[in-house]
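Subject: Structure handover and notes

Dear colleague,

Please find the structure below, followed by my notes on what was found in it.

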Amino acid sequence: MREVLLWSTNQPNFDVDIAAEVERKIHALTAHVTQFGGREDFATFAKERWRADDGRYLEQFRRIELAF
């Protein structure tokens, strides 16, 4: 099966558990100083955005299965 995962969509239908990688993701994103490095609250913002109602860290995507 081939698929496409779209990030930052308003209709997510696929979750990826990122609990094991959340600190690494934040560290990698803050290395992009011109985009995220100047925000002292970025780690808090990211964790709140990725935290699901049940406390797990999830990244959400719109999953589209391709027929070819």
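Two strands are taken to pair if DSSP finds at least two bridges between them, and strands (E, at least two residues) are, like helices (H or I, at least four residues), DSSP runs numbered from the N terminus. Please keep in mind that this is a predicted model, in which local features need pLDDT of at least 70 and side-chain atom pairs count only at pLDDT 80 or more, while totals for chains, interfaces and linings use all residues. Residues are numbered from 1 along each chain as its sequence is written, and side-chain values use heavy atoms, with hydrogens and water left out.

The sheet

Three strands make up an open sheet whose order is β1-β3-β2, with antiparallel pairing. The edge strands are β1 and β2 (14-17), each of which pairs on one side only. Ignoring direction, neighbouring strands of this sheet are turned by 45° against each other on average, where the axes are lines fitted to C-alpha atoms (for helices over the stretch in contact) and angles run from 0 to 180 degrees between N-to-C directions.

Between β2 and strand β3 (residues 58-66) the antiparallel pairing extends over four bridges, and D17 has L58 in β3 as its bridge partner.

Salt bridges

A salt bridge is counted here when a side-chain nitrogen of Lys or Arg lies within 4 Å of a carboxyl oxygen of Asp or Glu, and by this rule the count comes to five salt bridges. One of them joins the side chains of E59 and K25, at 2.9 Å from N to O. Because E59 lies in strand β3 and K25 in helix α1 (residues 22-30), this pair ties together parts that are 34 residues apart in sequence. For exposure, buried means under 20% relative accessible area, exposed means over 50%, and partly exposed is in between (1.4 Å probe, protein chains only). On that scale E59 is buried at 11% relative accessibility, whereas K25, at 25%, is partly exposed.

A salt bridge also joins the side chains of D54 and R56, with an N to O distance of 2.8 Å; here D54 is exposed at 51% relative accessibility, while R56 is partly exposed at 40%.

The side chains of R63 and E65 meet in a salt bridge at 3.7 Å, N to O, and together with E3 these residues are linked in a network of salt bridges. E3 is placed in strand β1 and, leaving aside its neighbours within four places in sequence, is in contact (heavy atoms within 4.5 Å) with R63, I64, E65 and L66. By C-alpha atoms, E3 is separated by 29 Å from A31, which is 28 residues apart from E3 along the chain.

The surroundings of W50

W50 has its place in helix α3 (residues 42-50) and is buried, with a relative accessible area of 10%. Not counting residues up to four places away in sequence, W50 touches I18, V22, K25, I26, L29, R56, Y57, L58 and E59; among these are K25 and E59, whose side chains meet in the salt bridge described above. W50 and L6 are 44 residues apart in sequence, and their C-alpha atoms are 16 Å apart in space.

A nonpolar surface patch

V4, L6 and I64 form a nonpolar patch on the surface, with about 200 Å² of accessible area together. Patches are made of residues with over 30% relative accessible area and no salt bridge, with like charges joined within 9 Å and nonpolar side chains (Val, Leu, Ile, Met, Phe, Trp, Tyr) within 5 Å. The areas come from the Shrake-Rupley method with a 1.4 Å probe, and for residues only the protein chains shown count as cover. V4 has its place in strand β1 (residues 2-7) and counts as partly exposed, at 31% relative accessibility.
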